[in-house]
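Thanks for coming, everyone. I'll take a few minutes on one structure. Please look at the screen.

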Amino acid sequence: MEKRDYKNMWVYIEHDGAAAAPVGLELCCEVRRLCDVTGDKLYAVVLGDLPAAEIEKVRGCAVDGVIRVKGTGYSPYNTDAYANAFTVLSRKYNPSAIFVGGSINGRDFAPRFAVQLDTGCTSDAMELDYDPATGDIQFIEPAVGGKIMAVITVPTLRPQVGTIRPGTFRYAPTGARAQVEEITEQIDFPRENIRCRRLSFKPDEADPQLDISDCDVIVCVGNGLADGTHLTRYRELAALLGGKLGCTRPLFDRGILPYKLQIGQSGVIVKPKLYFCFGVSGAVNHVAGISAGTFVAVNSDPDAQIFNYCDYGIVGDMDEVCDELIAALKARK
Amino acid sequence: MLKILVCVKQVPDVELVKMDPETGNLVREGVPTLTNPLDTNALEAAVQMKEKYGGTVTVITMGPPMAAATLRECLACGADSAVLISGRPFGGADTLSTSYTVAKAAETLGKFDLIFCGKESLDGATGQMASQLAERFDAAQITGCLLIERCDPDKNVLIAQRALENGVETVEARLPCLLTVEKQNYRARIPNLRGKLAARKAEIAVLTENDITGLDPRKIGVPGSGTIVPRIYPPALPEPGQFLSEGSTEKNVARLVGLLAGKSAI
């Protein structure tokens, strides 16, 4: 088969049996835009049972069709059944591209079925484009620690597989189409063939401070932070502003703050109305994960790249500026 | 007795890699290299398994001859033997061909019960290698393992905790199993002097394309890669924002508060 014989784009709809995860819907909206350019049809792929109201949400993203896979082995999640389902489906329908939300489980099984299908896989693209000359999708992302932007393509093999981080694209549904194709596939995965299976699950104690993806005000601290004992003032500032604390990758690497607070391309993608960052250098990987209404940067280095992304910049000692800001905000109240 | 393999990578210190503004190429010359940080956590988990259940730890990497330095670091930290896959035809490989090559090379060393690799690399950072290697090894996989609770080599099972976005699941996997570990429970150990000396003298086996039986030349290096990078470019740097320079921190902050209040941002 020639690569041009592979048609249509698929988006995997991750869900927990009750609700579809936002990332699949976000991807449907973005890949809809791409399909309008390429002329491909957009199909959402749902493994296992999902309530009708949630399927309606998927349809609302202007998909041309929904492929629902029934059978044993899909709940709870396991790598073997999920990878197998996409391999079986892809061999039958030969899609041009498969997009999978870059959740922990999405990133777990997508690269695996890409090998089963002997095709190329990319991860963490921040932009999707199409090159009509080659017929290839361009997966565009910061690379080498943010020093460069790289365009990645799958030039000969199909399908083109990409995992995309939650929050990269906006959920902006344009409404269901008049005609939505319904495909149901029965693919049973025998339980005894599941090589790694869940025995139990313990949900994290809900800590709202660790959920920053929808937060309106974020105070982000970067590698300029001397050590964990200096965090108190930033927490206080965040609380005064009705916001939450976030961090850059080095602070997670240094063990000062948890991964859930890491903002950027390889962490949480955020869209606050007001974003403060202190002691952040401004690596592309970090700023690629932020779309802020108002962006304030504080850094002791006047040449720090972060100042290129801010609305307002203050050159100065991060702790001093933070303390002064706390005092000024308290004085206003 | 567990036969354990750890797949590691030598990476450039990405902080020091620069892009040549004239040619648009990455300048790697003279850039120091290091063992991919998350690979050291994978090695630590492997060595802990060996210490607990008995067995051997082999480290394997693919790269130029200088990548042997990474293997020696691993030997100093508890690995027993080391293998370097090296040769021109392997160059330019993406994860599709690298996973093929590493698994084919490992086949020449026998069957492994446990395979560890880092969660992602500092340079490529795709985070795809683990799942792709697991498929190549026809093994179970546990990505993002928080803690290995226990392993029963006789029954061929392993029980582990895996971190998810909203909690922790306990899973049971069959051997062979490939794992990536979260770093918090597997901080890399500091090698002692004896380990360092032994590592310096240790023999490192080198496998070239001619030493790996059944290697399909179409599946390695550039020809075996599924992805290419047709273009790189410097990230567009926006114009700097408005610097507040009123003469003192106090005045700068007062000005900022005024500006934000004016926009109803606070």
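Which residue is the bridge partner of A:Ile98 in S9(A)? The partner is A:Val161. Before going on, some ground rules. This is a predicted model: local features need pLDDT of at least 70, side-chain atom pairs count only at pLDDT 80 or more, and totals for chains, interfaces and linings use all residues. Residues are numbered from 1 along each chain as its sequence is written, while chains are lettered from A and ligands numbered from 1 in the order in which they are written.

Back to the strands. Helices (H or I, at least four residues) and strands (E, at least two) are DSSP runs, numbered from the N terminus. Two strands pair if DSSP finds at least two bridges between them. S4(A), residues 97-101, and S9(A), residues 160-164, pair in the parallel sense over five bridges. S1(A), residues 9-12, also pairs with S4(A) in the parallel sense, over three bridges. There, A:Met9 has A:Ala97 as its bridge partner.

Is S4(A) mostly covered or open? Mostly covered: five of its five residues are buried. Buried means 20 or more other C-beta atoms within 10 Å of the residue's own, with C-beta atoms placed from the backbone. A:Ala97, A:Phe99 and A:Gly101 point one way, A:Ile98 and A:Val100 the other. In a regular strand, side chains alternate between the two faces of the sheet.

Now chain B. 64 residues of chain A are in contact with 65 of chain B. Contact means C-beta atoms, placed from the backbone, within 7 Å. Strands also cross over: S8(A) and S14(B), residues 228-233, pair in the antiparallel sense over four bridges. A:Thr153 stands opposite B:Ile228 in S14(B).

Notes: Contact = placed C-beta atoms within 7 Å. Buried ≥ 20, exposed ≤ 12 C-beta atoms within 10 Å, placed from the backbone.
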